[in-house]
Amino acid sequence: MPFVTSSKTKPAYDVIIVGSGAAGGQSAYVLAMAGAKVLMLEAGRNYDPVTETPMFNPPVQAPLRAASTADKYFGFYDATVNGGWTVPKEPYVVRKKNQGDNWVVAADNDRGATDQNFMWWRSRMLGGRTNHWARFSFRMGPYDFKPRNRDGLGIDWPITYEDMAPYYDKVESLIGVYGSNEGLENTPNSSPGILLPPPKPRATELLAKKACTRLGIPVIPAHVAILSQQQDAGKIPGLLHPDNPQAAGWLAKNMRARLACFWATACGRGCSIKANYQSTTVHLPPALDSGNLDIITDAMVREVTVDGSGKATGVHYIDKTTGREEHAQARVVVLAASGCESARILLNSKSALFPNGLANSSGKVGRYLMDTVGGGMAGQIPALENCPPYNEDGASVMHMYMPWWLYREQLAGKLDFPRGYHIEFGGGRRMPEIGMFTELEHLTGGSYGKKLKEDVRRYYGSFMFFSGRGEMIPNEDSYCEIDPDKKDAWGIPVLRFHFKWSEHETRQVAHMQKTFTEIIETMGGKVLGHPQRDGSKAISVGGSIIHEVGTTCMGADSKNSVLNRYCQAWDVKNLFVTDGGPFVSNADKNPTLSIMANAWRACDHLAAEMKKGNI
Ligand SMILES: Cc1cc2nc3c(=O)[nH]c(=O)nc-3n(C[C@H](O)[C@H](O)[C@H](O)COP(=O)(O)OP(=O)(O)OC[C@H]3O[C@@H](n4cnc5c(N)ncnc54)[C@H](O)[C@@H]3O)c2cc1C
Ligand code: SF4
């Protein structure tokens, strides 16, 4: 019986995994397929995208026409349940500028309007944030693993691109990623035959490409975890599990159950035909089919327990359905609760042997918190006005993007900031939503009746946005720690956040502003709003890009890192962290593909060590 309750667990497991998102799903997949008996504990509720996804409901059928609300930040139909910038019963503590830098509990804030120093997005549901993420899946490149070696800043990873490349291939084959190999600098190709064909560019994308070509900016197919065609279930499972025909069979069954995208619905709601990657439709079904995975949902883990020798014995968790505290036992504990939450669990796991929290002899748990650097701009493009109605269906995210292109100029000292950003962009004719035409007045001067209808038809689809997604360099001022006073509804001490961008990031955002202005103007368009020369006025709030990484950093030296190169705690041999926590840099590439590849690598190592009897 794979979904179990606290009273129905086995007396002990080989591995406990905390969390069921990208990291937890990937870890469970690898370990259960390898034959380990796994218990997954997930703080959120059970969730089934096949039966719960409102794929075809138009906004008009929803309350407030599906508008964003505090508990549904991305709109009524978004897949997130029990999550957002705040989570009921689970506060966290931040600084607020307008309150004299006092510590306060984070509020329900719009990321464009908040004055919090950090925003923390959480999803409390089976599959975590993978149910509604945007699915951009870019590989980190060789430079990204050794950034300090290149420019003397930040921290190098204890592994190289070559260590990760086979795992990128594996993850891409498993989850299904569309895209193309372009051979650009530090923008790695996948092995031949791994990527699915990219969808055709849309009008907005072709127009942007034309302008960018004039500016010397590459525009290439994006890499997105969506099935542009069905996966080859006769071939891929055997390649992924060459020595394990049973695992190949469980995977083949699930691959056959996943259909190709029909390019018409909003992926953020989830996908009931399993065409996009969600942990709930891709990682968990074959792992459950193996019979080796038990899952308890509504299980909020408080701490990792240890024996007298300092080895992990299991975890204490609160069964949210009964309110009772429970203990589960295993040979190994894998934390995959998302970067900051795994750090919180470690810091709350205090004992006589580990008075500063578990795996924290280096004092680095919670340190080097990073988010992606964000900056954006919108434009109105007259060339897209009054377009005849045409079918603009496609993925609900971009088909094309601009990878970072100024490596050589940077090396030659021509830029005033280190590292780079890529550009995500979009626009065109999407399903009309509430608020979509509120920007018209400044173009029309205000209109009513027939003229308003004509104006709406004229401008519909003529707006475009450009979002820079850049690299943050870890700094000493950005970290999370346990708040001395505040506890959640289960009495578990909560996190408080310190966060500071440095000039490296604000200058990068100033460059983004200049670039976006040039692109929009080269397209013959008008910038909406005012481009900022001062990047500190245009940079995103820390955490608001929802790419939280760092806080349990990996390294080559136990004195200044929490984990070794296999995400294994230096201080506790049978404790691993496989989410974004181990990251020591946050390249401009969105992190989730790398989280999964790193988790697969770590769990391959763990499975091999368990077989050898070393753990
Ligand atoms: C709107 C949005 C768009 C995004 N777009 C992209 C994108 O395009 N590309 C990209 O790379 N990334 C994107 N991300 C980020 C991506 O979702 C995360 O990087 C990824 O999900 C991280 O995986 P994870 O397993 O570490 O965490 P999660 O997916 O958040 O999973 C963690 C799980 O652990 C559970 N958990 C937490 N604490 C406990 C506890 N104490 N006990 C038990 N369980 C616990 C949570 O409930 C959750 O289910 C996006 C995120 C959002 C919200
Ligand atoms: S656009 Fe494709 S992947 Fe996205 S929800 Fe619709 S069918 Fe699924």
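Before I start on the strands, a term: I call two strands paired if DSSP finds at least two bridges between them. I also keep in mind that this is a predicted model.

**Entry 1: around E9.** I began with Val 333 and looked for its bridge partner in E17, which is Leu 575. E9 and E17 are parallel and share three bridges. Then I turned to E1, which runs parallel to E9 and is joined to it by five bridges. There I found Val 15 opposite Val 332 of E9. Strand E8 (residues 312-319) is antiparallel to E9, with six bridges between them. One pair I noted here is His 316 with its bridge partner His 327 in E9. E8 and E9 make a hairpin with four residues between them. In the turn, Gly 323 has a positive phi of about 80°.

**Entry 2: helix H11.** Why is H11 largely enclosed by the rest of the structure? My answer is that nine of its ten residues (339-348) are buried, so the rest of the structure largely encloses it. A residue counts as buried if 20 or more other C-beta atoms lie within 10 Å of its own. The buried ones include Cys 340, Glu 341 and Arg 344. I then checked what they pack against: strands E1, E7, E9, E14, E15 and E17.

**Entry 3: H1 against H16.** Helix H1 (residues 22-33) packs on helix H16 (residues 592-612) at about 35°, and their axes are 8 Å apart. The crossing is right-handed. From H1, the contact uses Ala 22, Ala 23, Gln 26, Ser 27, Val 30 and Leu 31. On the H16 side I listed several residues, among them Ile 595, Met 596, Trp 600 and Asp 604. By class, the contact of H1 with H16 has ten nonpolar, three polar and one charged residue.

**Entry 4: the two ligands.** Which residues come nearest to ligand 1? Of the 38 around it, they are Gly 19, Gly 21, Gly 128, Asn 590 and Thr 592. H1, E7, H11 and H16 are the elements that give two or more residues to this shell. I sorted the shell around ligand 1 into 18 nonpolar, 14 polar and six charged residues. Ligand 2 is surrounded by 13 residues, and the closest are Cys 261, Thr 265, Cys 267, Cys 271 and Asn 276. The shell around ligand 2 has ten nonpolar, three polar and no charged residues.

**Entry 5: Phe 136.** Is Phe 136 buried or exposed? It is buried, because 21 other C-beta atoms lie within 10 Å. Phe 136 sits in the loop between strand E4 (103-105) and helix H3 (142-145). Setting aside neighbours within four places in sequence, I found Phe 136 in contact with Ala 222, His 223, Val 224, Val 397, Glu 424 and Asn 590.

**Entry 6: an open sheet.** Last, I traced four strands in an antiparallel open sheet, in the order E12-E13-E10-E16. E12 (421-427) and E16 (526-528) are the edge strands, each pairing on one side only. From one strand to the next, the twist averages 30°. Eight bridges join E10 to E13, and I noted Phe 465 in E13 as the bridge partner of Ala 378. Helix H15 (residues 503-522) packs on this sheet and touches E10, E12, E13 and E16. The direction of H15 makes about 20° with that of E10.

Methods. Residues are numbered from 1 along each chain as its sequence is written. Chains are lettered from A and ligands numbered from 1 in the order in which they are written. This is a predicted model: local features need pLDDT of at least 70, side-chain atom pairs count only at pLDDT 80 or more; totals for chains, interfaces and linings use all residues. A residue is buried if 20 or more other C-beta atoms lie within 10 Å of its own, exposed if 12 or fewer, and partly exposed in between; C-beta atoms are placed from the backbone. Two residues are in contact if their C-beta atoms, placed from the backbone, lie within 7 Å. A residue is near a molecule or strand if its C-beta atom, placed from the backbone, lies within 6 Å of it. Ala, Val, Leu, Ile, Met, Phe, Trp, Tyr, Cys and Pro count as nonpolar, Asp, Glu, Lys and Arg as charged, and the others, Gly among them, as polar. Axes are lines fitted to C-alpha atoms, for helices over the stretch in contact, and angles run from 0 to 180 degrees between N-to-C directions. A crossing is left-handed if the near helix is turned anticlockwise from the far one by less than a right angle, and right-handed if clockwise.
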